[in-house]
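Visitor: I would like to take a close look at one part of this model. Could you guide me through it slowly?

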Amino acid sequence: MSRLVQARRLEGVDKNIWVDFVKLAATYSKVNLGQGFPDFPPPDFLMEAFGRAVSGEMHMLHQYTRAFGHPPLVKILAQLFGKLLGRDLDPMTNVMVTVGAYQALFCCFQAFVDEGDEVIIIEPFFDCYEPMVKMAGGTPVYVPLRPKAPKEGKLMSSADWQLDPAELASKFSEKTKAIVLNSPNNPLGKVFSREELELIADLCVKHDTLCISDEVYEWLVYDGKEHVRIASLPGMWDRTVIIGSAGKTFSVTGWKVGWTMGPNRLLQHLRTVHQNSVYHCATAAQEAVAQGFQRELEHYGKPDSYFVRLPKELQKKRDQLVQSLVAVGMKPIVPEGTYFLVADISKFKSEVPDVPNSDEPYDSRFAKWMVKNKGLAAIPLSAFYCGAHKDNYNSFIRFCFAKVRHVVGPSQLGLANPLRFGCAHITRNTGQELGFCMNNERSEWKGEPGWRP
Ligand code: PMP
Ligand code: GLN
């Protein structure tokens, strides 16, 4: 066949960091702190709900359900989020269930973005925003979070990465159709403050711009920080689509249940994309998520609520990982939210084998080298920047700390002799050494088989 097979919209969007790094991690990693998913089980009440849903007791749960969301799920979402947003939500018109947050994002860009429209994306950003905007015919316009030096003797925090208000304002024009906001932010873990959100909101109102608010990590905030929903700020409900994910909310990334919430004037267009693409999402998973939310609504704010317990557990893991990375000689940026932590690896530039004159950013070469030679998987920060800016912040890597078996106990990642690569020991709370070795030779995995996800 001599004619061009590929549609033009696929030009330049064929590479995908997850496809590449998941494969590398599967091949080489002994300790996989790369792709973001928990390696601990979801809460019992949720697994039990899923079990009931597929048990055959209610055999219609094996069939199609309502296209825009299984009624029990949209109802409970409207009830809970209505409370959080302080407004009445109509489950049928203000909520739509999607195949994970990915499809929610895809629906937004397909529904709102035309050829010639600009979409503002805050860097570093969850990588799929860029190709999704491009596939819709839009032009991404980037604005960076810029790091400020931390206080003397303190570790940097994700809060030290900030927008420059004048720079942000300069990106808005009559071509701007939307801005994508992701708070808490993947990869930095930044939780945007109310003041930062007000700045964005004022610009959205001034320029009549939509806001696509990716809030998949809304429950994962630490140190008493508050997750502020931009849709609750003046003038914002009417122009915001909120995106959520059961994958992150209940630690079930494989279920691929997500949702959108917003005014009907916006959601009606998401429904058009949805009904003409996937039509609806797995019924049994929706039913189980609905029951999970029902349970959480009943336990809201109580100590045994999963939304209280999970961040508490993860904050401990964050602190343990911070300690161990400091011991290794990396400089962690302490995240205020999410289950990701970005660390500065610039100290190792002189030590780690490098490929001179390579087009590939240094952090990407480092991360590949680290997984191949040391068995430790992480994701290069440059993956979260657009092509033109990949070299601006190329000496950082992102770790995921939602990993029970690799990030437990006080001294799991104590590297005796940092990247000369002395030996690292990962101990469980039993004290058992799992033999994650950062010697220069490949080490043998001494952990229990079957532990690797
Ligand atoms: N947004 C962000 C910021 C993410 O990190 C992810 C990855 N899980 C998604 C959206 C996609 O979520 P889901 O797995 O529910 O499709
Ligand atoms: N959101 C997850 C992460 O940032 C995984 C995304 C994916 O695997 N496509 O690690």
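Visitor: In which pocket does ligand 2 sit?

Guide: This is a predicted model, in which local features need pLDDT of at least 70 and side-chain atom pairs count only at pLDDT 80 or more, while totals for chains, interfaces and linings use all residues. Residues are numbered from 1 along each chain as its sequence is written, chains are lettered from A and ligands numbered from 1 in the order in which they are written, and side-chain values use heavy atoms, with hydrogens and water left out.

Ligand 2 sits in the second largest pocket. A pocket, on a 1 Å grid over the protein atoms alone, is an open set of points where a 1.4 Å probe fits, with protein on both sides within 12 Å along at least five of seven lines, and a molecule sits in it if more than half of its atoms lie within 2 Å of its grid points.

The residues around ligand 2 (those with a heavy atom within 4 Å of it) include Trp18, Tyr102, Phe126 and Lys248. Domain 1 (8-41 + 306-412) and domain 2 (44-299), whose bounds come from an automatic or database domain assignment, both give residues to this shell, so ligand 2 lies between them.

Oxygen atoms of ligand 2 take part in polar contacts, which are pairs of N or O atoms within 3.5 Å: a backbone N or O atom of Gly36 lies 2.6 Å from an oxygen atom of the ligand, a polar side-chain atom of Arg398 lies 2.7 Å from one, and a polar side-chain atom of Asn186 lies 2.9 Å from one. Of the 300 Å² of accessible area that ligand 2 has on its own, by the Shrake-Rupley method with a 1.4 Å probe, the protein covers 86%.

Technical notes. A polar contact is a pair of N or O atoms within 3.5 Å; within protein, one must be able to donate a hydrogen and the other to accept it, and residues adjacent in sequence count only if both atoms are side-chain atoms. On a 1 Å grid over the protein atoms alone, a cavity is a set of points where a 1.4 Å probe fits but cannot get out, and a pocket is an open set with protein on both sides within 12 Å along at least five of seven lines; lining residues have an atom within 4 Å of a point.
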